[in-house]
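These are my notebook entries on what I looked up in one structure. I began with the strands and then turned to the aromatic rings.

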Amino acid sequence: MAKLMNIKGYWNTSNDWNFDEKDMYEGQILLDEDGWFEGIVNNPYSDYKLDRFVFGAYFEGKVIFLNKLTPLEGSTPFIFSGDYNDGYYWGEFDYLGLAGNYRCGNMQMASREVEHNLESQKQELVVKLENFKKGMNKYFAEMYQNMLAVRKEFTEEVLEMYNERKSKESGSKRVRN
């Protein structure tokens with residue numbers, strides 16, 4: 001059964017770790033047991049007020065790989081990949097372009113499980129997700145469907161890469177002792 005999570009993310013294009021409250025998104029995701037998630041977020045400070053669609057792989061207390069899609073009049077799609085440390089997920093984000101990904105800055109994200117009004121909030125989120133997917137342009141719909149087709153492999157790979165990084169980090173710490 002999917003867990004309902006509140007998320008809030010910050011970005012910084014200056015490549016430092018100072019975040020401004022205006023450069024953020026917040027919303028909710030449905031997190032499945034296999035690590036796959038889908039959700040809707042918004043930036044209350046943006047001129048673009050409509051929903052943004054997020055999906056990807058998320059393992060609580062470990063790692064997140066988040067794709068964010070907005071109709072092109074809203075913003076360029078981006079990818080956030082971050083590891084958990086000190087209560088947040090810290091990492092980098094890239095914009096998606098026709099010729100590939102472009103490194104743009106740093107991100108920080110927090111999450112917490114929703115405990116109150118759970119079923120009504122889940123239903124509301126499911127409706128928003130369905131509405132967003134119906135209105136996706138051809139390019140974004142294809143991108144999403146391609147990810148969905150390899151969902152199992154993708155989530156497993158995100159967790160495997162995280163475990164390899166942590167293993168190398170703990171191995172290098174042992175060498176220093």
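I note that the model is a predicted one.

I then examined how the two strands pair. Strand β2 (residues 24-31) runs antiparallel to β3, and six bridges join them. Within this pairing I located E26, which stands opposite N42 in β3.

I next followed β3 to its other partner in my notes, strand β4 (residues 52-59). These strands also run antiparallel and are joined by six bridges. Here I recorded W36 standing opposite A57 in β4.

Is strand β3 largely enclosed or open? I found that six of the seven residues of β3 (residues 36-42) are buried, so the strand is largely enclosed by the rest of the structure.

I turned to the aromatic rings. W36 belongs to one aromatic cluster, together with F53, F55, F65, F132, Y144 and F154.

How many aromatic pairs does the structure hold? I noted 19 aromatic pairs. For Y139 and F140, the ring centres lie 5.5 Å apart and the planes meet at 50°.

Y139 has a relative accessible area of 42% and is partly exposed. F140, at 2% relative accessibility, counts as buried, because the limit for that class is under 20%.

Terms used:
Residues are numbered from 1 along each chain as its sequence is written. This is a predicted model: local features need pLDDT of at least 70, side-chain atom pairs count only at pLDDT 80 or more; totals for chains, interfaces and linings use all residues. Side-chain values use heavy atoms; hydrogens and water are left out. Rings of Phe, Tyr and Trp (its six-membered ring) pair if their centres lie within 6.5 Å; planes under 30 degrees apart count as stacked, over 60 as edge-to-face and the rest as tilted. Buried means under 20% relative accessible area, exposed over 50%, partly exposed in between (1.4 Å probe, protein chains only). Helices (H or I, at least four residues) and strands (E, at least two) are DSSP runs, numbered from the N terminus. Two strands pair if DSSP finds at least two bridges between them.
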